[in-house]
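Trainee: Could you take me through one part of this model up close? I'd like to see how a single residue sits in its surroundings.

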Amino acid sequence: MNTKFLLPLAAVAASVALPSMGLAQDATVATGEPALHTSYILTTLLFLMGGFLVFWMAAGFAMLEAGLVRSKNVTMQLTKNIALFSLAAIMYWLVGFNLMYPGDGWSIGGWLGAFAPTSLEPVGVSPEDTALDYASVGSDFFFQLMFCATTASIVSGTLAERIKLWPFLVFVVVLTGFIYPIEASWQWGGGWLSEMGFSDFAGSTLVHAAGGFAALAGAIVLGPRLGKFKDGKTNPMPGSNLALATLGTFILWLGWFGFNGGSQLAMGTVGDVADVSRIFANTNMAAAAGAVAALILTQVLYGKVDLTMVLNGALAGLVSITAEPLAPSLFGALLTGAVGGVIVVFAVPMLDKMKIDDVVGAIPVHLVAGIWGTLAVAFYTGNWGAQIIGIVAIGAFVFVTSLIVWIILKGIMGLRPSEEDEIRGLDVAELGMEAYPDFTKG
């Protein structure tokens with residue numbers, strides 16, 4: 001074929017096509033419908049992508065906890081993590097989603113949502129039969145469920161190595177079905193905190209500090225592991241696999257891009273997409289700053305770098321930026337995350353002095369850094385009062401209700417295994433299998 005005529009022909013074709021393309025674009029602008037369809041599709045896609053990134057955080061929590069507990073309790077932590085996620089999925093469908101997002105169906109206006117299972121759109125729904133100004137119900141439910149499960153994962157790590165399986169899972173049912181959805185509805189469901197002006201972009205307090213308060217209540221009722229605090233001293237109990245703990249941290253870091261980025265809740269405009277990219281960059285910067293702050297500080301304080309502190313420093317940086325990952329500059333994100341890393345280094349030994357046994361450091365990372373991140377929002381909004389009231393209200397509600405549930409479970413089911421079973425390890429005592437059957441128990 002002679003190709004010398006192809007370029008002129010292509011130019012002619014383009015000159016004919018371009019005016020018609022312009023007319024099509026004008027029609028799109030005039031009617032608005034295709035643009036609205038596109039916005040709906042892209043926002044739905046954002047929720048689905050963000051949701052499966054946050055789902056991957058479930059694997060991160062499992063690996064982090066498996067690495068930071070002793071080898072005789074690894075199977076128990078893995079079992080708890082897959083069970084808690086599965087229970088959260090069922091409870092959030094059954095009651096949690098509509099408690100958290102009741103729309104106009106509040107049982108008590110601004111305070112208590114609706115009690116009803118989640119219903120999705122019909123198969124093959126037409127544009128005329130669904131609201132195109134947001135995203136599909138299925139994608140919204142899927143995305144929000146991941147935050148609910150994350151709250152329960154925080155509790156799992158704190159109470160590791162000395163709690164029986166079934167009482168823990170009963171608590172998960174109450175936490176994911178009722179406690180978390182109720183307090184989250186106060187802000188994200190359009191409740192009383194939202195009307196007051198409280199701000200928590202992706203959940204430094206609503207998710208992370210809430211999980212930390214539930215974990216703190218459980219740790220107080222449950223008590224420390226045998227031998228953790230003895231003769232006025234804190235006895236270290238090293239984890240079984242720091243490689244797994246490091247892998248878990250990187251997985252959580254990756255999942256956080258969905259956690260914060262998806263919380264933009266829109267991807268239908270140039271501005272929305274640019275904002276999502278800004279959130280990604282700020283989230284990453286805060287994590288890096290938290291890790292570096294813990295790296296330097298442990299070297300200065302202890303003469304050696306502590307890997308577990310560095311890992312938790314990165315996570316604390318992530319928790320800290322979660323309340324406002326959009327507004328800061330990269331330097332602002334660095335400062336926010338670095339403070340989170342410093343918080344961990346000082347909060348971990350503080351808990352030990354208080355004789356509160358937190359196996360993986362979840363209370364410093366999620367509760368203390370979560371409070372810091374939520375307060376830091378006021379540097380951008382100026383509304384310190386609303387931020388403080390929100391933290392106190394959510395903390396009091398979650399801590400008190402969790403404490404009551406833990407005390408009831410302790411009285412009815414018992415929380416702890418026998419001393420003999422705790423010494424043997426919960427893998428054998430509760431489950432009858434070991435994660436590392438060919439190795440000596442740690």
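Mentor: Val-300 sits in helix α9, with helices being DSSP runs of H or I of at least four residues, numbered from the N terminus. We're looking at a predicted model, where local features need pLDDT of at least 70, side-chain atom pairs count only at pLDDT 80 or more, and totals for chains, interfaces and linings use all residues. Residues are numbered from 1 along each chain as its sequence is written, and side-chain values use heavy atoms, leaving out hydrogens and water.

Val-300 counts as exposed because its relative accessible area is 61%, and the cut-off for exposed is over 50% (1.4 Å probe, protein chains only). Val-300 also belongs to a nonpolar surface patch of about 800 Å², along with residues including Leu-295, Ile-296, Val-342 and Phe-346. A patch like that takes residues with over 30% relative accessible area and no salt bridge, its nonpolar side chains joined within 5 Å; a salt bridge would be a Lys or Arg side-chain nitrogen within 4 Å of an Asp or Glu carboxyl oxygen. The elements giving two or more residues to the patch are α9 and α11 (330-353), and α9 has the largest share, with 6 residues.

Just after α9 comes Gly-303, with a positive phi of about 80 degrees.

Terms used: Patch = residues over 30% accessible without salt bridge, like charges linked within 9 Å, V, L, I, M, F, W, Y side chains within 5 Å. Areas by Shrake-Rupley, 256 points an atom, 1.4 Å probe, with all protein chains shown as cover. Buried < 20%, exposed > 50% of the residue type's maximum accessible area, 1.4 Å probe, protein only.
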